[in-house]
Amino acid sequence: MADMSIEFSGITLKNPIIVASAEPSNSVENIKQCIDYGAGAVITKTIGDIPGMQQLTKNSKYAILNDQGRIIKGKVPRSFVFYSRSGYISEPASDWISILKETQEYAAANGSAIIANIASGTLQGWIELAQMCEDCGAPMLEVNFQCPHPAGMGEGADGIWIAQDPGVTAKVTRAIVDAVNIPVMVKLTPETNRLAEVAKAAMDAGAASVAVNSRFVGFAVDIETAEPYIDGPAGVGGPWAKYITQRWVNEIYQKVGCHISGSNGIFDWRDAIEFIMSGARSMQVGSVLMLKGIEWLPKVINGMEKFLDDHGYPDIASIHGIASKKALMTAPELFAVDPVYTLIDHDKCKFPKCNICTRMCFYDSLKEGQEYIQTAPDTCIGCELCLNVCPFDAITMTTDKELALRSQEMFAEETSEATIQAVQ
Ligand SMILES: Cc1cc2nc3c(=O)[nH]c(=O)nc-3n(C[C@H](O)[C@H](O)[C@H](O)COP(=O)(O)O)c2cc1C
């Protein structure tokens, strides 16, 4: 059995799957359930001191949409879109002193950990919340620099605005890091194109890791009523967001090289493996637990373990960042890759019934002949779009341009000979 444990931000997790800060971690009962189902760690829903954000949670709205933008009721598919609005935990932060103590004790007894997620509207508030959580035994903090909603609350320049600015991120991170002795993870927002810069600012200011990242703010419309769902803009996410998140995980892994917790778009173990290979050391799952239940957790964890075993990987660490390390980042490196050319297997090709490759070739390299698709290796740029759109697996690519040219010529000769013989 592969070793699923991983060292993250200075603490050892029994597995890299962390329950994200959201409703599945908003109470003692829910947190204990996450631990019972095997979570490597659980991040509390945000413990904050902004009254509007506490009130907002009591007015939470959740809509599940399908890939056509219609409300789903019942079974949730992998292609779901979760459109929702909620705030921080509803209770005053002080209520969480006992909750943190109780859940941390339970977590420790079960080889898990509670990471306290905090947010404030003032610098002093951040410090006080951080110290409160440390005093309760939390082994680590996650700071919510990314929640979009405080901006609408008129209660301070916090939330999304912190993680949009490297300078503000550095300032608030430094104040928190100086105030506690436990590792601090800074949670980033995707609502900026400066994620790598912000991550670096956080790390330079003493953070132990970054969480990459929270969800986007979206606007979803019900075309039948001509109204936005749940009355207006809201957080939006789902497995479709994974690729965008992984872009940043990869970039931060390469440019900053820090510990990363991947969040935003994980449905099952496949996504979690992708995140690790992109450079994340741990992964956070949120929405899927709200839509499939906390009992979904073991599917993710066990699926990852099976993947490692099936592929002969001894442990989680051995796949960390392996895809990222192979990513060609510079144009000269990309341009140095050997060009490839289209080869058509005319036995498999169904022309003239099908001509999709000619319609999808935008480089004039695939043309309809009398009886067969003709290739023009001289104009082929090797983009592989024809390979991907061919429904009959009739296309392969070759790096051998001579072969591509010869095959086209030989084929042209054979067909003209066959035509001559048929006419004779
Ligand atoms: C309903 C809901 C509530 C959330 N509440 C919080 C929160 O209180 N604090 C926080 O930092 N992130 C919060 N998040 C963001 C999640 O922690 C997570 O980063 C995000 O949902 C992306 O992960 P996912 O694709 O697994 O859902 C919330 C997300 C959702 C969907």
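Ser-261 sits in strand 16 (residues 259–263). Strands here are DSSP runs of E with at least two residues, helices are runs of H or I with at least four, and both are numbered from the N terminus. This is a predicted model: local features need pLDDT of at least 70, side-chain atom pairs count only at pLDDT 80 or more, and totals for chains, interfaces and linings use all residues. Residues are numbered from 1 along each chain as its sequence is written.

**Around Ser-261**
- Ser-261 is buried, because 27 other C-beta atoms lie within 10 Å.
- A residue counts as buried with 20 or more other C-beta atoms within 10 Å of its own, exposed with 12 or fewer, and partly exposed in between; C-beta atoms are placed from the backbone.
- Beyond its neighbours within four places in sequence, Ser-261 contacts Ile-18, Met-185, Ser-209, Ala-211, Ala-280, Ser-282, Met-283 and Gln-284.
- Contact means that the C-beta atoms of two residues, placed from the backbone, lie within 7 Å.
- Gln-284 is 23 residues from Ser-261 along the chain, yet their C-alpha atoms are separated by 6.7 Å.

**The ligand shell**
- The ligand is surrounded by 27 residues, the closest being Ala-20, Ala-22, Thr-46, Gly-286 and Ser-287.
- At least two shell residues come from each of strand 7 (81–85), strand 15 (234–237), strand 17 (282–285) and helix 11 (287–292).
- The shell holds eight nonpolar, 15 polar and four charged residues.
- Nonpolar covers Ala, Val, Leu, Ile, Met, Phe, Trp, Tyr, Cys and Pro; charged covers Asp, Glu, Lys and Arg; the others, Gly among them, are polar.

**Helix 3**
- Helix 3 (residues 96–109) has 14 residues and spans 19 Å from its first C-alpha to its last, close to the 20 Å expected at 1.5 Å a residue.
- The expected span is 1.5 Å times one less than the number of residues.
- Its buried residues are Trp-96, Ile-99, Leu-100, Thr-103, Gln-104 and Ala-107.
- Seen down the axis of helix 3, these fall within an arc of 120 degrees, so they line one face of the helix.
- The arc is taken over the directions from the helix axis to the C-beta atoms.
- Ser-98, Glu-105 and Ala-109 are exposed on the other side of helix 3.
- The buried residues of helix 3 pack against several elements, including helix 1 (28–36), strand 8 (114–119) and helix 4 (123–135).
- Gly-111 follows helix 3 and has a positive phi, near 70 degrees.

**The largest nonpolar core**
- This core has 92 residues, of which Val-42, Leu-141, Val-210 and Ile-252 touch the most other members.
- Helix 8 (residues 195–204) supplies the largest share of this core, six residues.
- A nonpolar core is a set of buried Ala, Val, Leu, Ile, Met, Phe, Trp, Tyr and Cys residues joined through C-beta atoms within 7 Å.

**Backbone exceptions**
- Most residues other than glycine have a negative phi, and most peptide bonds are trans.
- Val-212 and Asn-213 are joined by a cis peptide bond, with omega about -5 degrees.
- Another cis peptide bond joins Phe-351 and Pro-352, with omega about 10 degrees.
- Asp-231 has a positive phi near 75 degrees and is exposed, because it has 9 C-beta neighbours inside 10 Å.
- Asn-264 has a positive phi near 115 degrees and is buried, with 27 other C-beta atoms within 10 Å.

Technical notes
A residue is near a molecule or strand if its C-beta atom, placed from the backbone, lies within 6 Å of it.
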